[in-house]
Amino acid sequence: MSKSVKKLTGLVAATFTPLTAEGEINLSVIGPYIDYLIEKQNVKSVFINGTTGEGFSLTVDERKQLAAAWCQHGKGKLEQVIVHVGCMSIKDSQELTRHAASIGADGIAVISPSYFKPINADALRLFLKEVSAFAPDLPMYYYHIPSMTGVALDAADVLNGIEQMIPSFQGVKFTGTDLRDLGQCVCYSQSHNWSVMFGIDEQLLGALVLGVHGAVGSTYNYLGRIVNQMLAAFYNGNHMQTRALQFEFMEVITFAKNLGFDVSVNKQVMSEVSGLAMGPPRLPMLPCPVSKAQAIAQKIKDFSQGH
Ligand SMILES: CC(=O)N[C@H](C=O)[C@@H](O)[C@H](O)[C@H](O)CO
Ligand SMILES: CC(=O)C(=O)O
């Protein structure tokens, strides 16, 4: 692994996957999507084909086409394009990994298989190693998301000693609420200069205090500008302002959660707020009633106008 790895930091948008009304991937939205993130949200890195991007509902070929489009349109504009390559079959993950390297992606991230689950951290590390071997020079991030995978191994256990197996290992995207485990990931990562990226947007401040290097999340697609203000306030030591912004942010997400806030709703909210046509989700998710998304979008707009 070369020493010139660009460290992943700051806000990273976990992108939605634009679909046509017929449910086909809609690559024509990606160019305008990138401009929107940079110009309107001050967000310059993306995490594609993950949870928000419905990665597990896409075919391997669709995932390749999307990754290629994000890298191509993002060239010279985006700081980093991280491609999620987790699949139920290790063969598919290896193919996506090789492809990510061939198109110039900045890194890959891997969610654990969740049907047949790794029985312990050794099994998961072995899986990650066999995936990374298909792009040994590409930074790899482990994506910890037990709420979706049911793989409840401590992320810190997965990290422990992984550098001896995976020279390209560069950190973890931590979507969990166990602050003890998160803190141990940050602590372990320090000596390796890895990135710990937090993934529960409405709890970001707690993670910042523990020393995470940034955050990957869905809401940075449309609240990135304000959350960047929150990060600036935090790094300037202005805890009152940071907390005030976090509380307002929490209120918006609580409002959304009370209405039912899943990827389908979130995707429609993105269409409403950005004006970009994200299209419907893919089955088994059902399209979200427009009125629900509009109510959430209005909250987001009110929050944005206040800042
Ligand atoms: C479970 C899940 O999908 N988490 C996302 C990222 O990992 C978050 O970005 C959430 O969408 C966000 O925090 C809203 O709850
Ligand atoms: C939300 C998130 O980080 C993902 O799309 O995977």
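Numbering runs from 1 along each chain as its sequence is written, while chains are lettered from A and ligands numbered from 1 in the order in which they are written. As the model is predicted, local features need pLDDT of at least 70, side-chain atom pairs count only at pLDDT 80 or more, and totals for chains, interfaces and linings use all residues.

UniProt positions are given in the numbering used here, feature names are shortened, and annotations may be inferred rather than shown by experiment.

Thr 52 is found in the loop between strand S2 (45-48) and helix H2 (60-74). Helices (H or I, at least four residues) and strands (E, at least two) are DSSP runs, numbered from the N terminus. Thr 52 counts as buried, with 23 C-beta neighbours inside 10 Å. The cut-off for buried is 20 or more other C-beta atoms within 10 Å of a residue's own; 12 or fewer means exposed, and partly exposed lies in between, with C-beta atoms placed from the backbone. Leaving out residues up to four places away in sequence, Thr 52 touches Ala 14, Thr 15, Phe 16, Ser 218, Val 263 and Asn 266. Contact requires C-beta atoms, placed from the backbone, to lie within 7 Å.

Val 216 lies in strand S8 (residues 214-217). Val 216 is also buried, with 29 other C-beta atoms within 10 Å. Beyond four places in sequence, Val 216 touches Val 12, Ala 14, Phe 47, Lys 173, Met 197 and Gly 199.

The "active site" annotation, from an unreviewed UniProt entry, covers Tyr 143 and Lys 173. These residues span 31 residues in sequence, but no two of their C-alpha atoms are more than 4.7 Å apart, so they gather at one spot. Tyr 143 belongs to strand S5 (residues 140-144), and Lys 173 to strand S6 (residues 169-174). Tyr 143 is buried, with 26 other C-beta atoms within 10 Å. Lys 173 is buried, with 29. Apart from neighbours within four places in sequence, Tyr 143 is in contact with His 84, Gly 86, Ala 109, Val 110, Ile 111 and Lys 173. Among the residues that Lys 173 touches are Ala 109, Tyr 143, Gly 199 and Val 216.

Helix packing was also examined. H10 (residues 239-259) and H12 (residues 290-305) pack at an angle of about 175°, with axes 10 Å apart. H10 and H12 are therefore roughly antiparallel. Axes are lines fitted to C-alpha atoms, for helices over the stretch in contact, and angles run from 0 to 180 degrees between N-to-C directions. Angles over 145 degrees count as roughly antiparallel. The contact has eight nonpolar, no polar and three charged residues.

Methods: Parallel < 35°, antiparallel > 145°, perpendicular 65-115°, else oblique. Nonpolar A, V, L, I, M, F, W, Y, C, P; charged D, E, K, R; others polar. Contact = placed C-beta atoms within 7 Å.
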